[in-house]
Amino acid sequence: MKASKQRILLLGPPASGKGTQADHLSRAFGIPHVSTGALLRSECARGTPLGLEADSWTSRGLLVPDELAVRVITAWMAGNGPRFLFDGFPRTTVQAEHLDKALDAANTPIELVIFLDLSESEIHRRILDRLTCAACGTTFGGSLHGMKIGDACPSCGGDLIRRNDDTEEALSERLRVYRESTLPVVTYYRKKNPSIFHRVDAGEGSDEIFQKLSALVSADKG
Ligand SMILES: [Zn+2]
């Protein structure tokens, strides 16, 4: 395995491709890809105290409190070591401050912050054109791939559908939350750690973006 950055944040709006890029980077560099959503679902499924606490929020359709999200992440780090690629975490500046405090206390600070930037018009275009496989969850650009609702998924043969929250109305709400809560996280790291902060244009092709991100992840320290 090549030497690389060990503690990485991938930030970006909906449809910026951060989940896909995080998956590719995780495989290429052997760094665990961690999302709070997946961790919370796993805690809930195992019925742990953290999971029950999280379930009391998510079962009412609410986001878990910042403090609980950070506890889930620090519990994961305690068992898995200080190597991670976070996708969509921290979601708020309060979470970012808690995370930094925990990492500073362990003398294992974040080494790389990548902001996958995408214009709002392009976010709209991608989300409203997006088809999702009902079976495997893979997403496709409908017009890009010449696909429509009801076609068979090229990966697994499942039905391609339009997700319920891939509508103009739901997207407006997601973008409002993104602008009010997550964009300030981008500003927080850009001001606090300008030397490790990198903005990458998410409007380019997936392969070009992966090349740029790989160069940042594998770059020498300092
Ligand atoms: Zn599929």
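Mentor: Helix axes are lines fitted to C-alpha atoms over the stretch in contact, and angles run from 0 to 180 degrees between N-to-C directions. This is a predicted model, and local features need pLDDT of at least 70. Residues are numbered from 1 along each chain.

Trainee: How are two packed helices described?

Mentor: By the angle between their axes and the distance between the axes. Take helix H6 (residues 120-129) and helix H8 (residues 168-192): the angle is about 140°, and the axes are 11 Å apart. That makes H6 oblique to H8 (under 35 degrees is roughly parallel, over 145 roughly antiparallel, 65 to 115 roughly perpendicular, the rest oblique).

Trainee: Which residues of H6 and H8 make the contact?

Mentor: Contact means heavy atoms within 4.5 Å. H6 supplies Glu-120, Ile-123, His-124, Ile-127 and Leu-128. H8 supplies Glu-168, Leu-171, Arg-174, Leu-175 and Arg-179. Five of these residues are nonpolar, one is polar and four are charged.

Trainee: What are the ideal angles for four tetrahedral donors at a metal?

Mentor: The ideal is 109.5 degrees. Here the donors around the zinc ion subtend angles of 101 to 115°, which makes the arrangement tetrahedral (all angles between 85 and 135 degrees).

Trainee: Which residues coordinate the zinc ion?

Mentor: Cys-133, Cys-136, Cys-153 and Cys-156, each through SG, at 2.3 Å. Donors are N, O and S atoms within 2.8 Å of the metal (3.2 Å for Na, K and Ca). Their spacing along the chain is C-x2-C-x16-C-x2-C. Cys-133 lies in strand E5 and Cys-153 in the loop between helix H7 and strand E7, so the pair ties together parts 20 residues apart in sequence.

Terms used: This is a predicted model: local features need pLDDT of at least 70, side-chain atom pairs count only at pLDDT 80 or more; totals for chains, interfaces and linings use all residues. Side-chain values use heavy atoms; hydrogens and water are left out. Helices (H or I, at least four residues) and strands (E, at least two) are DSSP runs, numbered from the N terminus. Ala, Val, Leu, Ile, Met, Phe, Trp, Tyr, Cys and Pro count as nonpolar, Asp, Glu, Lys and Arg as charged, and the others, Gly among them, as polar. Four donors count as tetrahedral if all angles lie between 85 and 135 degrees; four count as square planar and six as octahedral if opposite donors are over 155 degrees apart and all others between 65 and 115; anything else is irregular.
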